[in-house]
Amino acid sequence: MTFSAWISEPINWIFLLVGLVVLASGFRVVTAKNVVHAALLLVAALAGTAGLFLMLAAEFVAWVLVLVYIGAVIVLFLFGIMITRAPTGQDEGLDSEKKVVPALLSVGVFVLMAWGSIDAFGTTLVGATGDPISTELIGESLLGRFVIPFEVVSFVLLAALIGSITLARKDLTPIEEEEGRRV
Amino acid sequence: MTGFATDLFANFWVSLAAKLALVATMIPLIGMVIGFAEMKLSAKMQSRIGPYFAGGRWGWAQLIADGVKFFQKEDLIPEDADRPVFKSAPILVLVGTVALFVVIPFGPGLIFRDLSVGIFYALAISSISTIGVLMAGWSSANKYSLMGGLRAAGQLIAYELPLVLAVVGSVIMAGTLSMSGIVEAQIAAGYPFVILQVVGFAIFMIAALAELTRIPFDMPIAESELVMGYLTEYSGFRFLFFFLAEFANMFTMSAIAVTLFLGGYWLPGIPESVLVFAGPVILIGKVAILSFVMIWFRWTFPRFREDQLQTLAWKWLIPIALANIVITAIFKVLF
């Protein structure tokens with residue numbers, strides 16, 4: 001498919017627009033001079049990604065992205081930033097001297113993934129029926145064929161949960177413990 | 001409908017514009033009706049008269065007068081405020097509200113869009129408003145606002161979990177995430193799910209009250225401590241946006257509770273052919289009852305303390321909701 005044929009489809013304009021919004025906000029996340037702005041731009045980037053998933057008919061994944069990342073992860077980010085240090089205006093201390101290596105690294109990852117997917121699939125369309133992927137199917141395959149990886153992931157998350165509680169807990173010295181028992 | 005009108009509404013963009021226009025008129029209307037009910041009911045509960053002069057009888061035009069007043073007011077933005085964030089926060093909060101209307105079934109086939117992930121979409125999209133509240137709190141460059149925003153964030157994260165978990169019981173019983181599918185499952189079963197999901201319903205309503213930051217969960221805007229919390233610096237139509245979003249959210253949260261637990265647009269004994277017309281009336285009637293209960297709570301209970309609020313969510317509501325899911329799932333498999 002040539003580029004002119006691709007661009008003549010209106011659905012591809014929307015894809016291009018959303019993709020550019022994701023790219024631009026992703027770029028601004030790293031260059032923003034205010035840490036809260038960076039977090040909010042990350043919201044825009046994630047919302048755009050959810051939009052891309054919607055266009056790929058992956059409805060469930062798109063809303064998981066909104067619920068988990070925008071609704072919980074970013075809210076916790078913002079919560080953490082605001083409870084510690086969040087001045088309005090510019091913050092020059094945010095800039096990092098080391099720019100070349102991370103830039104090369106991200107371009108490298110992009111090239112690797114783009115090359116990998118083009119090499120694997122080329123121009124073949126995968127599952128292009130146009131129907132949204134049903135949530136029942138996802139549920140059944142998670143608790144059927146993929147039940148062991150699913151349980152392993154939840155086990156890892158449980159370990160992380162217990163670990164974070166242990167880290168956050170304040171360890172009392174023997175004297176404090178003694179006093180605590182007396183009270 | 002005539003052939004031309006059918007053709008016109010079959011066009012995606014035309015029907016989208018019509019739906020948007022409908023929601024855009026519904027939200028101010030709902031805001032005014034619930035806002036007026038709140039004023040009059042609170043007056044009744046405190047042996048006052050409430051709004052009396054605007055519009056003649058009962059002061060029915062009070063909310064219209066308030067709306068006009070908000071639009072005339074100056075749009076104040078504090079000197080140190082982060083202007084783009086400050087300006088877009090109320091819009092984001094209202095977007096979260098508008099988006100919730102998409103999946104509420106008003107009658108058989110009367111739904112803006114019957115998404116197959118319906119209730120999951122509703123829970124996901126309502127979290128957008130949380131970001132708006134945090135943006136409002138931070139960008140005002142005011143300590144009271146920031147404290148209000150932080151309290152709101154802590155509260156909304158804590159109560160999103162019981163809200164999501166309480167829904168699961170109904171979803172297991174219905175076997176679908178689609179909002180109209182859940183109502184149809186209740187019609188097929190012949191009883192509203194609240195009969196077997198009393199626990200789920202109670203947890204959902206408590207968590208919904210907290211998500212709406214209404215008394216007894218209104219610490220984010222506690223007047224006696226935080227002036228007006230994250231709303232402190234807002235005036236004019238931006239304040240109106242928050243105000244409308246609060247009351248419209250009362251409607252959508254009640255409508256979701258009605259759909260999941262109280263049979264939605266359905267009443268026992270009413271045939272399908274009547275439901276097409278009576279559905280919206282039945283739904284709005286049930287929503288009105290739940291909204292009344294919310295207003296009643298507000299003027300009855302004192303405010304929680306911040307630690308009591310967190311204890312209630314993490315130590316009581318979440319474990320009970322999890323137990324409810326396990327028990328519902330066992331019964332679903334057994335029977």
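**Close-up views of a predicted model**

**View 1. Packing of helices α4 and α6 in chain B.** In this predicted model, helix α4 (residues 83-100) of chain B packs against helix α6 (residues 128-139) of chain B at an angle of about 160°, the two axes being 8 Å apart. Because an angle over 145 degrees counts as roughly antiparallel, α4(B) is roughly antiparallel to α6(B), and the crossing of the two helices is left-handed. Among the residues that meet are B:Val85, B:Phe86, B:Ala89 and B:Pro90 in α4(B) and B:Ile128, B:Ile131, B:Met135 and B:Ala136 in α6(B). Sorted by class, this contact has 12 nonpolar and 5 polar residues, with no charged residues.

**View 2. Packing of helices α2 and α3 in chain A.** The axes of helix α2 (residues 10-31) of chain A and of α3(A) come within 8 Å and cross at roughly 155°, which makes α2(A) roughly antiparallel to α3(A). The crossing of α2(A) and α3(A) is left-handed, and the contact is made by residues including A:Phe15, A:Val18, A:Val22 and A:Arg28 of α2(A) together with A:Leu41, A:Leu42, A:Leu52 and A:Met55 of α3(A). By class, the contact of α2(A) with α3(A) has 12 nonpolar, 6 polar and 1 charged residues.

**View 3. The contact between chain A and chain B.** Chain A contributes 23 residues to this contact and chain B contributes 28 residues. On the side of chain A that touches chain B, α3 (35-55) and α4 (59-84) of chain A each supply at least two residues, and α4(A) gives the most, with 15 residues. That side of chain A has 18 nonpolar, 4 polar and 1 charged residues.

How values were computed:
Residues are numbered from 1 along each chain as its sequence is written. Chains are lettered from A and ligands numbered from 1 in the order in which they are written. This is a predicted model: local features need pLDDT of at least 70, side-chain atom pairs count only at pLDDT 80 or more; totals for chains, interfaces and linings use all residues. Two residues are in contact if their C-beta atoms, placed from the backbone, lie within 7 Å. Helices (H or I, at least four residues) and strands (E, at least two) are DSSP runs, numbered from the N terminus. Ala, Val, Leu, Ile, Met, Phe, Trp, Tyr, Cys and Pro count as nonpolar, Asp, Glu, Lys and Arg as charged, and the others, Gly among them, as polar. Axes are lines fitted to C-alpha atoms, for helices over the stretch in contact, and angles run from 0 to 180 degrees between N-to-C directions. Angles under 35 degrees count as roughly parallel, over 145 as roughly antiparallel, 65 to 115 as roughly perpendicular and the rest as oblique. A crossing is left-handed if the near helix is turned anticlockwise from the far one by less than a right angle, and right-handed if clockwise.
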